Amino acid sequence: MLTRIAGGRVIDPATERDETGDVWMRDGRIAAPPPAGTQPDETYDAAGKVVMAGAIDIHSHIAGANVNTARLLLPEWHRAAAARPAGTPLSDAGWPAFATGYRYAAMGFTMVVEPAVAPHYALHAHLELADVPIIDKATLSILGNDDFLLRLLGDQESAYAVRDYVAWTLQTTHAIGIKVVNAGGAAAFKTNARQFSLDDVVPNYGVSSRAIVKALQRAVDDLGVPHPLHVHCNNLGLGGNAETALATIAAAEDLPLHLAHIQFYGYGAEGKRGFSSAAARVAEAVNRTKNVTVDVGQVMFGPTVTISSDVLRQFNAHGQAHPNKWVIFDGWGIVPYEYRADNFYNAVQWAVGLELFLLIDDPARVFFTTDHPNGAPFTTYPEIFALLMSRELRAEWIARLPPAAIELTTLPSIRREYSLAEIAAMTRAAPARLFGLNDRGHIGLGAVADIAVYADDADRAKMFRAAALVFKDGKLVVRDGRVTREQFGRALTVQPGYDHNIDHRLRDYYDERYGLAHDFMKVPEAAIGRPEPFELVPCAS
Amino acid sequence: MDHAWIDGRPVELQAACAEAARLLQQCRLPVIAGLGTDVAGARAAIALAQRAGAVVDHMHSEALLRDLDVMRDAGMMTTTPGEARLRADVLLLVGPLPDDSLPQLLSAKPDKGERTVIWLCPKRALPRGPVFGGKMQTVDRSPDRLPTLLAALRAAVAGRPVGAAPIAVKTNQSVADQLKAARFGTAVWSAATLDALTLEMLCGLIKDLNAKTRFSGLPLPPDDNASGVLQVCGWMSSLPPRTGFARAFAEHDPWRFDARRLVDSGEADCVVWISAYRPTPPPWTRGVPTIALTGDGARFPHRPRVHVLVGRPGVDHDVIEYLPAGGTLAWKAATATRTTIRVSDALNQIAAALSTSVAVPC
């Protein structure tokens, strides 16, 4: 099956292509142009349109027991006894698994990473993801507040033991990488700690947050896992926490490190409320530290729900729950929240996110996220693309926000506007590289034929809201923002090797500590209920 | 051995599924109830409900929704069975609990040494043998005194005066002090035996305790994989059981979509009754055209039009289901593999036999 996408403006930063031309696909892969005169089986006219690889979202909470808790906590936010009025929270966000795939595909996204899977809930997450249609997906497994790792570190066991445990976790849970969330903070909360910073020590284990981050960072790097350790820092959301972000960036030393939703750590302590933008300082540190990548976690105004494994932070935020109900579980906390344009703090947060996008020079090291749904639902992405691409539009928004908030940011002075090529780099080429996906995020020969075609509309939000055409594995799945074909993607995983001695240790550990077989969290491929549910991403050896 | 029957006559599975599809197609309000099935069965049941415009309900929805109602009205602080086992220095057991729920919780010594167990209204003999390493204290009252007992306890924890209560002021204060002194307290309950207001009082008490220390709830899951089915309903429809798909979108109403009420009132005119873990009969006496998928030995008040004998999940075939000791969905290998029909296979065959029905978007 030979398919031609004809005459579009092909923007493909990975291959340095930005020209009007054709894209050819054969059997689900990008193909070389055939000899002159060859007739394709199908031709799609892309004249006047923009052709990019499918977009990749590197951090979006779309599936798993935590997300499901949020769904069940908020029945009023989806169609319940009465049909739901438009504009209610997450009404566009595609709350069940099926709608999630549809909404992402409609915007030209072809892969999403679910970034917070506690290993015990890995099977649940993969079952949900198997019901998300069209897109490919991947998970990050969470370590760093778990008793087993903290004991290893507290007992000063070798880096080999940590490495084997990390590899065992990746294999068993079918993840693509490791995330650490407020390292040690959730464990400390179990002993009634109410705050926890990088150099604080987890009670009973004698290991600092920094030591946990460093041990995991090294283990991930030693194993050759393409995605660096994904870090949710301490002190999320607090005024003055830019110091935490800067300290964590410095702690990266010479190894790669990814800092998640850095917007939530971009705050100074200036002004009478002790809350201001420190985005410029954080951006400067990121620009300087080439081995560090970040994603933003942009805030947009409106009601949403925060879903986080940072139990300590979520407990401390419960007083702000809107509506006033919340769930704290040993594993995650769910706190509904409304970001308001007339709220000083929320306006600063909104500006900090955009400052970070615009002040970090390299679009390949700052990733596009809202930390869905924590900063905003993923359906707000088109509006954010538009804001990045137009300082005029930003000025219109700024004019509606509290001046006292904007004064404590640098946003009005920033003139930069993202180009389409920079958007493509940030949402396609760079994410694929960040996860070691050599055959995604670009339109080079042999790449997976995941393609998004957009009308080149001056209204960029309109352009990115509804792709004109989307191809997944070479098959047309979306036309004019509507899904035309349902198919199921795969979950991408890494499977680094390990010394099987760790298996025996974990068997004894789970038996003694939990009274459970240690493999109760395993994810048998045959049980997922879809053909070929997984695809292997090689590790550097 | 026969596995499928129409009106009591043995038939091939395919014929049974075709007849089931015919019944579903000609009825006006189908209900898929019981739902005593594994994750695959629940996925297939909800997919079938979406296609057939049916209602889904679980046989233990009452208990399931009691916990859920407190959560979605007021919120909740909970922990996992594993954390409770490792860390709980104070265990507050509330009301009658299933016999098999305690050993896993109590068979290990907590990390911090001694454990205090306080049981309010146990309503039965205490477990014998060395199941826990600590002291046990009971407040022996009838479970119907729990609402006032918990209210008195919550008042004492908050430092408020307590009036008439079914417990001596001194004892009440002593229990309250022990809860406040807990470093990682855990309250354990089974929603099957508590009413919603009692549960809300208990969850409020837990929140109050967290102002100064750490205390969490541990709701014990109902049987027949109810918690597993709840999770599947959550990700497939965003809503728990007692959800209907007749209007082309999922709508949830605990009263309207109660299967028993729908059958008793005559609103439902066809039922798919699923009980794979055991041959539980439906809870109604009214006759309604029924497609039954059950384990061996089922006795029905009215003979089902279609009956399929299905395998026991985790016994006859591999299974993914809610693992109470892990507090999560887990895979389990069959213990005695037999050739049996799985609920998911039967439901998928029925769905495939629905000829002209239009797919309903969720």
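In this predicted model, chain A has an average pLDDT of 95, and 97% of its residues score at least 70. Residues 80-85 of chain A form a stretch in which pLDDT stays under 50, with nine contacts in the model beyond four places in sequence. Where pLDDT is low, the predicted coordinates should not be read in detail.

The contact between the chains draws on 41 residues from chain A and 50 residues from chain B. On the side of chain A that touches chain B, the elements giving two or more residues are α1 (65-73), α2 (97-106), α3 (122-130), β18 (327-329) and α17 (501-514). Of these, α1(A) gives the most, with five residues.

Over three bridges, β18(A) pairs in the parallel sense with strand β5 of chain B, residues 76-78. Within this pairing, A:V327 stands opposite B:M76 of β5(B).

The buried residues of α7(A) are A:S209, A:A211, A:I212, A:V213, A:A215, A:L216, A:Q217, A:A219 and A:V220. In general, an α-helix has 3.6 residues a turn, so residues three or four places apart point the same way. After α7(A) comes A:G224, with a positive phi near 75 degrees.

Note on methods:
Residues are numbered from 1 along each chain as its sequence is written. Chains are lettered from A and ligands numbered from 1 in the order in which they are written. This is a predicted model: local features need pLDDT of at least 70, side-chain atom pairs count only at pLDDT 80 or more; totals for chains, interfaces and linings use all residues. Two residues are in contact if their C-beta atoms, placed from the backbone, lie within 7 Å. Helices (H or I, at least four residues) and strands (E, at least two) are DSSP runs, numbered from the N terminus. Two strands pair if DSSP finds at least two bridges between them. A residue is buried if 20 or more other C-beta atoms lie within 10 Å of its own, exposed if 12 or fewer, and partly exposed in between; C-beta atoms are placed from the backbone. pLDDT is the predictor's confidence in each residue, from 0 to 100.
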